[in-house]
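Thanks for coming, everyone. Let me put the model on the screen, and then we will walk through its sheets and helix packing.

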Amino acid sequence: MNNDINRIIIIGGGASGWLTAGIIAAEHINTKLPAAERAIEVILIESPQVPTIGVGEGTWPSMRGTLNKMGISETEFIIECDASFKQGSKFSQWSHAPQQTSSMKQPSCDSYYHPFSLPSQFNEINLAAHWQAHKQHVSFTNAVSFQGRLCDQGSAPKQIITAEYECNANYGYHLDAGKFSQFLQRHCTQKLGVQHIIDHVEHISSHDNGDIASVTTKVNGSVAGDLFIDCSGFKSLLLGEHYQVPFIEQKSVLFNDSALAVQVPYDNEHSPIASYTHSTAQSSGWIWDIGLQSRRGVGHVYSSAHISDDNAENELRSYLLASMTKAQAESASLRKIAFTPGHRAYFWKHNCVAVGIAAGFIEPLEASALALIEQSAKMISEQLPRNRQVMDIIAKRFNVKFQQRWSQIIDFLKLHYAISHRDDSGYWRDNRDNSSIPESLKEQIMLWQHQQPYSYDINQTEALFPAASFQYVLFGMGFNSAVPKYLSQAEQDKALALFQQNSQRSQQLLKVLPSNRALLDKVKQFGFPKI
């Protein structure tokens, strides 16, 4: 078969379906032409009865470029999706359990930031080597970046006079996943030419060569297509159920398989909004805390093999006591989410490719889920096969790239656990057990005991997490890496100058940047200037 690829069918809505539809449509649909004359059709089929999984999510800075390319107003997005600004993640109690922190000599190990801004002049000098001599006096993040201090003060990453998507400090978003999906649906159907069918898929028909020919819906009948994108979530209707592509469990590496989520109101409409995701380690998992405009999204991710649901619930309600009365914490309505950590053995088979949870899901640490959706949809769009003849070549490339990316994510997330010093439960001891650590990560950890992570360790052009991300986690958690035997005087002088510049830059920004709450209030009142 050498048919042209003209009709793209997306099965499933939610963030994965609508982001994928929007990214492809923005690049390939000319909405100035009548529908009958367009070279590409994008049709999204969404069941009327399947709720979205999202409970309040974080994005990476890449989302700014994605939304901008789709022609979305940042002002409109922020207002309609209850969105706030995210400048990174803060990790608390990951290195030592709370009862151990009082005797620690380095309090910075109990709490650290993984900011979105790279260390100063990261591609020219590895400041990690020079920070070692100063680590008793300043945290790694504060030495090499100004963003941790902005997060400490609750500062926004920009001013109201800053144009949409531009910034003083790199940022992503916190958003309401349900509102985000609805917002994307309206934008894609009204402005990007995406066709929307609300219906149940009841049957899948195939060509003789194994390609999907069409799906049969309950009300609208048969819908034919040339390329099918599976965004059906945990069901994985096409790739998992129809093609039976194996699921590769990762529970032996990343133990967490359950979550309890809750929506937490602010004390009042003027309550501060944190400009970071706060992750606080627990006995057998961790608690996320995400600040939206109107509320906080809080949840406990944990391993059901190490803690019961009841005890996990008690830990979450105990956490809530810091910002709620006992009665409020005890009565808060929790939502249980169960999942199997892992991913499909491959993601593109015949003329079907999976995006989002249909391709795989692991715990939300470091907010990689939406980023993977962006990356997947971007590659599909940019490499959209012109005809069936070349599709298998592109599918092969896609599978290789995303097998690598899943491995990279798993290694990076496991690093947070593997180098912890916590010894207060079997969960943390099991996480440090060599049998649960991938060989690729063990090799890196061994190397990093003798030299600081840098560009040779991570393929900067392909990696989802740059070497700087590994530095922030390693040195934030008190990892010991040998000081280089020799550092040139010129480099030492340059490093000291950059440390001073970071400190000065943070003070300058703290004077002019509003709080996260104050900027969001102004956005609703005035909006950002258009680029």
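Some ground rules before the tour. Two strands pair if DSSP finds at least two bridges between them. Helices (H or I, at least four residues) and strands (E, at least two) are DSSP runs, numbered from the N terminus. This is a predicted model, so local features need pLDDT of at least 70 and side-chain atom pairs count only at pLDDT 80 or more, while totals for chains, interfaces and linings use all residues. Residues are numbered from 1 along each chain as its sequence is written, and side-chain values use heavy atoms, with hydrogens and water left out.

First topic: the seven-stranded sheet. The sheet is open, and its order reads E6-E5-E15-E16-E17-E14-E18. Pairing is mixed. Which strands stand at the edges? Strand E6 (111-115) and strand E18 (335-338) do. Each has a single partner strand, so one side of each is left without a neighbour in the sheet. From one strand to the next, the twist averages 20°. For angles, axes are lines fitted to C-alpha atoms, for helices over the stretch in contact, and values run from 0 to 180 degrees between N-to-C directions.

Strand E14 (residues 258-265) pairs with E18 over four bridges, in the antiparallel sense. Ala261 has Arg335 in E18 as its bridge partner. Helix H9 (residues 309-320) packs on this sheet. H9 touches E14, strand E15 (277-282), strand E16 (285-291), strand E17 (295-302) and E18. Contact here means heavy atoms within 4.5 Å. The direction of H9 makes about 145° with that of E17.

Thr340 lies in the loop between E18 and strand E19 (342-344). Buried or exposed? Thr340 is partly exposed, with a relative accessible area of 38%. The cut-offs: buried is under 20%, exposed is over 50%, partly exposed is in between, with a 1.4 Å probe and protein chains only. Leaving out residues up to four places away in sequence, Thr340 touches Phe247, Glu249 and Phe361. Thr340 and Gly360 are 20 residues apart in sequence, and their C-alpha atoms are 9.0 Å apart.

Next, the three-stranded sheet. It is open, ordered E9-E10-E11, with antiparallel pairing. Strand E9 (201-206) and strand E11 (221-224) are the edges, each with a single partner strand, so one side of each lacks a neighbour in the sheet. Neighbouring strands are turned by 25° against each other on average, direction ignored. Strand E10 (residues 212-217) joins E11 through four bridges. E10 and E11 form a hairpin, with three residues between them. Val215 stands opposite Val223 in E11, and Ser214 has Ala224 as its bridge partner there.

Now the helices. Two packed helices are described by the angle between their axes and the distance between the axes.

Start with helix H11 (residues 368-382) and helix H12 (residues 388-418): their axes come within 11 Å and cross at roughly 165°. That makes H11 roughly antiparallel to H12. The classes: under 35 degrees is roughly parallel, over 145 roughly antiparallel, 65 to 115 roughly perpendicular, and the rest oblique. H11 passes H12 in a right-handed crossing. Handedness is left if the near helix is turned anticlockwise from the far one by less than a right angle, and right if clockwise. Among the residues in contact are Leu372 and Met379 in H11, and Phe398, Phe402 and Trp406 in H12. By class, the contact divides into seven nonpolar, three polar and three charged residues. Ala, Val, Leu, Ile, Met, Phe, Trp, Tyr, Cys and Pro count as nonpolar, Asp, Glu, Lys and Arg as charged, and the others, Gly among them, as polar.

H11 also packs with helix H1 (residues 14-28). Those axes come within 9 Å and cross at roughly 30°. The crossing is right-handed. The contact includes Leu19 and Ile23 of H1, and Ile373 and Ala377 of H11. It has eight nonpolar, four polar and four charged residues.

Last pair: H12 and helix H15 (residues 467-476), with axes 10 Å apart at about 15°. H12 and H15 are therefore roughly parallel to each other. Phe412, Leu415 and His416 in H12 meet Ser469, Phe470, Val473 and Leu474 in H15. That contact has five nonpolar, two polar and no charged residues.
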